[in-house]
Amino acid sequence: MGEIKIKDKEVTVPGEVLAVGMDYLPAGGAFRDKEEIIASQVGIVNISGRLIKLVSLNTRYMPKKGDRIIGKVADIGPNAWYVDFGFYNQGAIALADGSLEYIPRGADLSQYYAVGDYVVAIVVFVTRDNHVNLSLKGPGLRKLSEGRIIKINPAKVPRVIGKEASMITMVKNMTECRVIVGQNGWVWISGLDLVKESIAIEAINLIDTRAHIQGLTDEVKNFLEKKLGGKSGVQQEN
Amino acid sequence: MAYNKRIDGRKFDEIREMKAQVGIIPNADGSAMFQIGKTIALAAVYGPRELFPKFLQNSDRGILRCYYNMMSFSGSGERVRPGPSRRSKEISYITENALLPALNLEDFPNSVVDVYIELLQTDAGTRCAGITAAAMALADAGFQMKDLVSAASVGFIENRLIVDVSNEEEHYEKGNTDIPIAMMPRTGEITLLQMDGFASKEELAEGIIVAKAVCMEIYKVQQEALKARYKK
């Protein structure tokens with residue numbers, strides 16, 4: 001028989017004992033050391049039955065196959081583009097992965113994507129020593145031309161997207177902006193109305209700083225209603 | 001004349017007042033301030049990031065690089081010469097060794113995690129304050145750690161055991177023994193143990209037991225500071 005030493009949704013620090021006993025299973029940033037389940041990061045504990053999951057509040061982005069990310073072209077080689085995307089290594093996009101269209105060998109790569117361009121790409125492969133291959137071949141993957149890029153902590157990405165994309169869909173609909181949230185924490189926002197675009201950015205930053213609070217969806221909804229209230233011409237009676 | 005009363009009036013097992021805060025350097029991936037008495041240490045963590053020069057890269061794991069420095073105005077008036085000294089290089093090295101056992105850098109081969117420690121004000125216990133701040137900064141940066149690292153000093157003046165040695169005590173005319181220690185709180189594993197002076201085997205053994213208890217007090221302050229950032 002074991003014992004849980006911490007309350008659900010409580011903040012924890014590395015080394016803290018979360019539970020004692022072999023009945024419990026660690027997940028996320030929690031790990032087992034003999035009889036104890038211990039936190040390895042600063043984060044929030046989610047207890048569901050016997051599963052003790054630690055969700056980190058601040059994390060370094062670790063790319064994995066299938067992640068959709070936003071990056072910036074930093075360098076162009078003879079047969080590849082090299083992209084910064086918040087990881088300590090650059091991602092490489094090979095010639096063949098550059099586009100759904102055929103790119104001939106010897107072509108001027110900067111005609112497709114130049115240094116400084118932002119792109120939405122997918123992680124194809126991560127080698128043992130963390131070299132990353134990216135691809136722009138796929139639906140929705142492309143160079144980004146208008147809009148703005150902001151950076152949030154990768155740990156907050158699931159919160160910004162929300163359960164079944166509920167949070168991000170709410171932000172998009174209410175501010176009438178297009179938004180792409182990269183798994184690396186880089187976010188692209190583009191709206192026809194620049195004021196609403198700024199409000200969308202404020203809302204996403206709000207989620208980033210308040211990700212550990214419950215009832216965040218309502219808080220963000222109220223924030224957007226208040227900020228947009230005047231913009232769409234609807235007067236608020238206080 | 002035995003040392004019956006501490007120069008600053010503290011009890012023999014009394015730690016100086018402590019203060020800690022994390023997230024104070026927004027540019028850094030993680031940061032922290034730790035103050036004990038008049039000693040103030042700032043730590044900033046950047047990484048993992050690409051490591052240059054390349055010959056230092058380790059294909060199994062990331063490396064840790066610590067830079068300990070005392071700011072030019074940190075002493076008691078005389079200007080501290082800027083730049084690395086033999087002492088600061090040694091302290092940087094022991095800081096790395098004190099923090100590494102708590103980290104797991106195998107997830108980031110060929111990278112470096114840079115930890116910058118600056119002493120804003122010094123009144124003894126600087127390497128311990130630096131290690132304590134650095135551990136908080138690494139946790140603040142989101143690194144997976146087996147445990148935090150807490151550091152403190154104990155000492156002997158005229159065979160009397162004192163806790164958290166101050167600068168005046170370090171320079172006590174009749175001599176002093178200074179024992180900095182760093183520990184991982186959960187398991188009690190020691191990651192730094194140095195001694196400057198003389199002590200018998202029994203005295204040292206007693207000193208280590210007391211020092212570990214002091215480190216647990218430091219650990220409480222570290223925990224609170226890390227959690228305070230996410231208070232509702």
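Colleague: What makes you say that β9(A) and β10(A) are joined, and in which sense do they run?

Modeller: Bridges. This is a predicted model, and in it four bridges join β9(A) to β10 (residues 80-84) of chain A, with the strands running antiparallel. Two strands pair if there are at least two bridges between them, so four bridges are enough for β9(A) and β10(A). One partner pair is A:Ile76 with A:Trp81 in β10(A).

Colleague: How many residues sit between β9(A) and β10(A) in the hairpin?

Modeller: Three residues lie between them.

Colleague: What else does β9 of chain A pair with, and over how many bridges?

Modeller: β9 (residues 68-76) also pairs with β12 (residues 118-126) of chain A, antiparallel again, over five bridges. Across that pairing, A:Lys72 stands opposite A:Tyr118.

Colleague: Moving on to the other sheet in chain A, why are β2 and β4 called edge strands?

Modeller: The order there is β2-β7-β8-β4, an open sheet of four strands with mixed pairing. β2 (11-12) and β4 (25-28) each pair on one side only, and that makes them the edges.

Colleague: How do you know that β7 and β8 of chain A pair?

Modeller: Six bridges join β7 (residues 43-48) to β8 (residues 51-56), and the two run antiparallel. The cut-off is at least two bridges, so β7(A) and β8(A) count as paired. For an example, look at A:Asn46, whose bridge partner in β8(A) is A:Lys53.

Colleague: Over to chain B. Why is B:Asp140 called buried?

Modeller: Its relative accessible area is 4%. Buried means under 20%, so B:Asp140 qualifies. This residue lies in helix α2 (residues 126-140) of chain B.

Colleague: Which residues is B:Asp140 in contact with, leaving aside its neighbours within four places in sequence?

Modeller: Among them are B:Asp29, B:Ser31, B:Leu226 and B:Arg229, plus A:Asn58 from chain A.

Colleague: What makes chain B agree with a compact globule?

Modeller: For 232 residues, the globule rule gives a radius of gyration near 17 Å; chain B has 18 Å, which agrees. The C-alpha trace spans about 60 × 40 × 40 Å along its principal axes, and 53% of the residues of chain B count as buried.

Colleague: What share of the contacts in chain B with a separation of 6 or more comes from residues 24 or more positions apart?

Modeller: That share is 67%.

Technical notes:
Residues numbered from 1 in each chain as written. Chains lettered and ligands numbered in written order. Predicted model: local features only at pLDDT ≥ 70, side-chain atom pairs only at ≥ 80, totals over all residues. Heavy atoms only, no water. Rg over C-alpha atoms; globule rule 2.2 N^0.38 Å. Buried < 20%, exposed > 50% of the residue type's maximum accessible area, 1.4 Å probe, protein only. Contact = heavy atoms within 4.5 Å.
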